[in-house]
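Open the model in your viewer and keep the sequence panel beside it. We will go from stop to stop, selecting as we go.

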Amino acid sequence: MATSTVTAETDVDAPIRAVYDQWTQFEEFPRFMSAVERIDQLGDRRQHWVVKVGGVEREFDATITDQVPDDHISWASQGEAVHSGRVSFRSLGDRTKVALEMTWTPETFTEKTGAALGIDEHAVKKDLERFKDFIEERGRETGGWRGEIHGDTAP
């Protein structure tokens, strides 16, 4: 099966610590990511995702494979659904550049068509803009996790 890779970036009018900390609050993702129905935090490294793309609901577990506070978070799904990505954070003084790259495997006709037409990339860009609006309107993060993860170990 062919994979689809989407990228997006935005500048958030908030300091890097607040932006990074907000991104670690996975259970808040449904508030700004249109395809995410629910995320359950299963520990520092694992989450259970429920997403709906093109009317098809999917569930999968994802594991954080690398995480450094105020720099990046990388993840990969476990099991049948193929989904991985990396979000990077760069300080721009009082602002923060957020760069997101996600790779997934479209399975249904609708998903494959959406990927071919760039609809998935457009959706990810809109989601990142909603994340920007979410944190800028709140004025602060809803929480944060500052741990590091490298491969199979978390200090």
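The tour below visits a helix, a loop, a core and a set of strands.

**Before you start.** This is a predicted model: local features need pLDDT of at least 70, side-chain atom pairs count only at pLDDT 80 or more, and totals for chains, interfaces and linings use all residues. Residues are numbered from 1 along each chain as its sequence is written, and side-chain values use heavy atoms, with hydrogens and water left out.

**Stop 1: helix H1.** Select residues 16–23. Helices (H or I, at least four residues) and strands (E, at least two) are DSSP runs, numbered from the N terminus. Buried means under 20% relative accessible area, exposed over 50%, partly exposed in between (1.4 Å probe, protein chains only). Seven of the eight residues of H1 are buried, so this helix is largely enclosed by the rest of the structure. Colour the buried ones: Ile16, Ala18, Val19, Tyr20, Asp21, Gln22 and Trp23. What covers them? The cover includes strands S1 (4–12), S4 (56–68), S5 (72–78), S6 (83–92) and S7 (95–104), plus helix H3 (119–138).

**Stop 2: alanine 14.** Step back into the loop between S1 and H1 to find alanine 14. Is alanine 14 buried or exposed? Its relative accessibility is 9%, so alanine 14 counts as buried. Leaving aside neighbours within four places in sequence, alanine 14 is in contact (heavy atoms within 4.5 Å) with Val19, Asp94, Arg95 and Thr96. Now draw a line to phenylalanine 60: the two C-alpha atoms are separated by 31 Å.

**Stop 3: the nonpolar core.** A nonpolar core is a set of buried Ala, Val, Leu, Ile, Met, Phe, Trp, Tyr and Cys residues joined through side-chain atoms within 4.5 Å. The largest one has 33 residues. Which members touch the most others? They are Trp23 and Phe29. Select Phe29: beyond its neighbours within four places in sequence, Phe29 contacts Trp23, Val36, Ile39 and Trp49.

**Stop 4: strand S4 and its partners.** Two strands pair if DSSP finds at least two bridges between them.

- S3 (46–53) runs antiparallel to S4, joined by eight bridges. Lysine 52 stands opposite glutamate 57. In their hairpin, with two residues between the strands, glycine 54 takes a positive phi near 60°.
- S5 pairs with S4 in the antiparallel sense over seven bridges. Valine 68 stands opposite histidine 72. Three residues lie between these strands, and aspartate 70 takes a positive phi near 65°.
- S8 (149–150) is antiparallel to S4 over two bridges. Here, glutamine 67 stands opposite isoleucine 149.
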